[in-house]
Amino acid sequence: MSADGADLAFAPIEELAPRLHAREVSPIELADLTLRRIEAINPRINAYYTVLADELRTDAERAEREIARGQYRGPLHGVPICIKDIYESGRTTCGSQTLQHYQAATESVAVRKLRDAGALIAGKAATFEFAYGMPSRQSPVPPVRNPWDEERQAGGSSSGSAAAVAAGLAYAGMGSCTGGSIRWPAQCCHLVGLKPTYGRVSRRGIYPLAWSLDHAGPITRTVRDAALMLQDCAGFDEGDPASANVPVPDFTAKLDRDIRGMRIGLPVRLYEDCEPVVREVFEEALRVFERLGAELVTVPSISVEEMDWIEYPALWSDAATIHFRQLRARGGDYNPNTRQYLQWGLLVSSGYYLTAQRCRAQVRDDLIELLTKQVDVFVLPTNGFQSPPLIPEQPPGLSFLSGFHLYTAIFNFTGLPAVQVPCGVDRDGLPVGLQVAAKPFDEPTLLQVAHAYEQATEWHHRHADL
């Protein structure tokens with residue numbers, strides 16, 4: 001191990017777990033290392049809003065005693081993780097001036113389940129305001145800096161969770177995803193980001209953005225780590241109206257199977273506007289799939305513009321409904337970008353909203369038919385642009401739909417599971433990622449394909465040099 005503990009700080013959970021179980025590594029050692037790194041690095045990148053130092057040490061001591069007594073709970077036992085600050089648990093601000101002093105009375109179901117699995121909560125990670133408004137110069141909290149380039153964003157809205165994991169300030173993080181808010185920050189920070197099937201993970205106790213689009217899932221260093229995190233937070237919850245009462249499989253069961261003979265669908269029309277600096281890295285990744293014996297098949301798709309005009313008006317409308325009273329009472333306390341998005345939502349007509357819902361149902365049916373009859377999974381870039389500057393000179397406007405080449409939303413409004421995997425760095429040294437998507441509740445196949453690609457490359461061994 002390096003003198004500063006960096007080797008241990010960047011170890012994946014899949015390597016730490018057997019060492020913790022065998023008592024070669026101590027939960028207290030991991031907790032102290034995590035807190036030292038947070039103290040040294042977090043002031044630079046702003047990944048955490050709230051650091052739970054005393055709680056982390058107490059829980060680490062308990063985990064160490066349990067493991068010593070033979071009461072090992074599983075791979076997450078004794079591992080420090082972070083939680084996006086829209087999950088109810090202690091101080092929960094949602095990155096907003098309106099909630100700076102809010103203390104949650106209960107804990108979200110996902111956090112409770114992770115605690116039950118033995119995970120240690122290091123703190124609450126930064127987020128775009130209410131998982132929505134991109135940071136502006138008027139934001140009450142500083143923007144999160146990307147550990148790969150501190151003058152660029154870490155993506156959003158789960159920016160803090162991604163930056164913390166990428167900087168070695170947590171071993172995994174929980175994010176939320178309404179249009180890409182797990183996969184985009186994971187891509188920006190060279191990580192794995194898993195959006196499970198809609199309804200796979202309970203959202204009870206997570207501040208909503210759009211009821212019909214919100215998902216919860218992990219951000220990790222490897223595909224196996226994502227499977228391990230999902231294993232311990234998935235499951236039916238009668239308190240979440242959208243929760244799916246379906247069996248929870250072993251998400252690691254197919255990880256070591258090869259993908260020879262599998263058919264990979266490329267929805268080329270969706271990402272035809274991908275910038276060359278990103279596309280050239282993605283196309284090299286496709287050649288890896290071919291070398292693994294998979295067959296690449298071009299499949300029909302909607303365009304990115306059609307995707308955006310199905311996804312975003314529904315998102316804006318849902319969000320405006322959720323925030324309507326608070327916006328009227330304390331609109332001046334909102335980040336200007338958040339306020340602008342919410343105001344757009346108030347302008348969405350019922351006719352447009354219903355038309356968008358009909359379109360999303362048709363797109364979902366089309367994708368499932370392709371996955372049933374023609375291909376096993378889809379593969380496409382996570383986004384088509386480099387991580388943007390830390391604070392854009394101009395606030396986002398309606399024009400962002402024509403320049404924000406993010407290819408994630410299609411799997412939010414259709415509810416299909418999708419995972420972001422690092423696939424290289426561009427000519428400027430910035431991370432590039434690809435998405436794999438599969439049939440609803442077929443996360444094992446999704447993770448099998450993503451893991452096969454990951455293991456055939458060396459990208460998961462790289463981390464930010466801080």
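**The cavities**

Modeller: The largest cavity has a volume of about 140 Å³. A cavity here is a set of points, on a 1 Å grid over the protein atoms alone, where a 1.4 Å probe fits but cannot get out, and lining residues have an atom within 4 Å of a point. Grid points are joined across faces, edges and corners, and a volume is the space filled by probe spheres set on the points. Before going on: this is a predicted model, where local features need pLDDT of at least 70, side-chain atom pairs count only at pLDDT 80 or more, and totals for chains, interfaces and linings use all residues. Residues are numbered from 1 along each chain as its sequence is written, and side-chain values use heavy atoms, with hydrogens and water left out.

Back to that cavity: 21 residues line it, and Tyr-49, Thr-127, Phe-128, Pro-135 and Pro-143 sit closest to its centre. Sorted by class, its lining has 12 nonpolar, 8 polar and 1 charged residues. (Ala, Val, Leu, Ile, Met, Phe, Trp, Tyr, Cys and Pro count as nonpolar, Asp, Glu, Lys and Arg as charged, and the others, Gly among them, as polar.)

How many cavities of 30 Å³ or more does a search of the whole structure find? It turns up 3. The second largest cavity holds about 40 Å³ of space. Its lining includes Pro-196, Thr-197, Tyr-198, Gly-199 and Arg-200, along with Asp-214, His-215 and Ala-216. By class, that lining splits into 4 nonpolar, 3 polar and 3 charged residues.

Definitions and conventions: On a 1 Å grid over the protein atoms alone, a cavity is a set of points where a 1.4 Å probe fits but cannot get out, and a pocket is an open set with protein on both sides within 12 Å along at least five of seven lines; lining residues have an atom within 4 Å of a point.
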